[in-house]
Amino acid sequence: MRILLLIIFLLTSLISNAQPVFSGEDFSGVYQCDGQDHLEGSYKGKVTIKLVADKSSGEYGAYQFKLEVPGFGEYPGHAASQGKKMAIYFANTDLASKDFGTGIANFSKNKAGKWVFKKFYYEPEFKGGNFGIETCTAR
């Protein structure tokens with residue numbers, strides 16, 4: 001009887017510590033972006049977003065993020081989502097440029113059923129401070 005009670009106790013402990021399964025939207029994919037940077041002007045880029053399922057829980061999503069901009073380089077980072085909003089950190093692989101920042105994105109679906117996001121970003125140290133807007137559409 002003691003062994004049975006111990007097994008029940010252990011199983012109950014394991015179940016109560018389990019995180020909720022991710023139930024939010026999965027924004028994973030490759031996106032084509034058009035951006036308008038306050039200092040650098042217009043640009044085109046590619047964003048890759050990948051869900052980190054084992055670090056996501058309930059309505060909250062964890063993501064790997066990478067922006068690639070021809071002539072400027074790669075900006076790997078990470079992101080966290082809740083509902084259709086996503087906070088994004090990114091940093092150019094050339095650390096000397098101090099080209100890093102934080103963005104906030106809103107996701108929606110276009111008429112073709114593809115994810116689209118619009119992101120405002122702020123870069124506190126790039127050339128004395130910078131900001132911009134990107135609109136990105138899933139391929």
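User: A nonpolar core is a set of buried Ala, Val, Leu, Ile, Met, Phe, Trp, Tyr and Cys residues joined through side-chain atoms within 4.5 Å. Buried means under 20% relative accessible area, exposed over 50%, partly exposed in between (1.4 Å probe, protein chains only). Which residues touch the most other members of the largest nonpolar core?

Analyst: This is a predicted model, in which local features need pLDDT of at least 70, side-chain atom pairs count only at pLDDT 80 or more, and totals for chains, interfaces and linings use all residues. Residues are numbered from 1 along each chain as its sequence is written, and side-chain values use heavy atoms, leaving out hydrogens and water. The largest core has 24 residues. Those touching the most other members are Tyr31, Val47, Ile49, Tyr63, Met86, Phe107 and Phe117.

User: Which elements give two or more residues to this core?

Analyst: Helices (H or I, at least four residues) and strands (E, at least two) are DSSP runs, numbered from the N terminus. The contributors are strands E1 (29-37), E2 (41-51), E3 (60-69), E4 (73-82), E5 (85-91), E6, E7 and E8.

User: What pattern does the protein follow along the sequence?

Analyst: The secondary structure comes to one helix and eight strands. Read along the sequence, the pattern is α-β-β-β-β-β-β-β-β.

User: Which residues does Val47 touch, not counting residues up to four places away in sequence?

Analyst: Contact means heavy atoms within 4.5 Å. With sequence neighbours up to four places away left out, Val47 touches Gly29, Val30, Tyr31, Cys33, Phe65, Lys66, Leu67, Phe117 and Cys136.

User: Which side chain of opposite charge is nearest to Glu123?

Analyst: Glu123 lies in strand E7. Lys and Arg count as positive and Asp and Glu as negative, with His and the chain ends not counted. Glu123 is buried yet has no salt bridge, meaning a side-chain nitrogen of Lys or Arg within 4 Å of a carboxyl oxygen of Asp or Glu. At 8.1 Å, the nearest side chain of opposite charge is Lys119.

User: Where do Asp34 and Lys44 sit, and how many residues apart are they?

Analyst: Their side chains meet in a salt bridge, 2.5 Å from N to O. Asp34 is in strand E1 and Lys44 in strand E2, a pair linking distant parts of the chain, ten residues apart.

User: How many residues apart are Glu40 and Lys127?

Analyst: Glu40 forms a salt bridge with Lys127, the closest N and O atoms being 2.5 Å apart. Glu40 is in the loop between E1 and E2, Lys127 in the loop between E7 and E8. The pair links distant parts of the chain, 87 residues apart.

User: Which strands each supply at least two residues of the nonpolar patch?

Analyst: The patch includes Phe120 and Ile133. The strands that each supply at least two of its residues are E7 (115-123) and E8 (130-138).

Technical notes:
Patches are made of residues with over 30% relative accessible area and no salt bridge: like charges are joined within 9 Å, nonpolar side chains (Val, Leu, Ile, Met, Phe, Trp, Tyr) within 5 Å. Accessible areas come from the Shrake-Rupley method with a 1.4 Å probe; for residues, only the protein chains shown count as cover.
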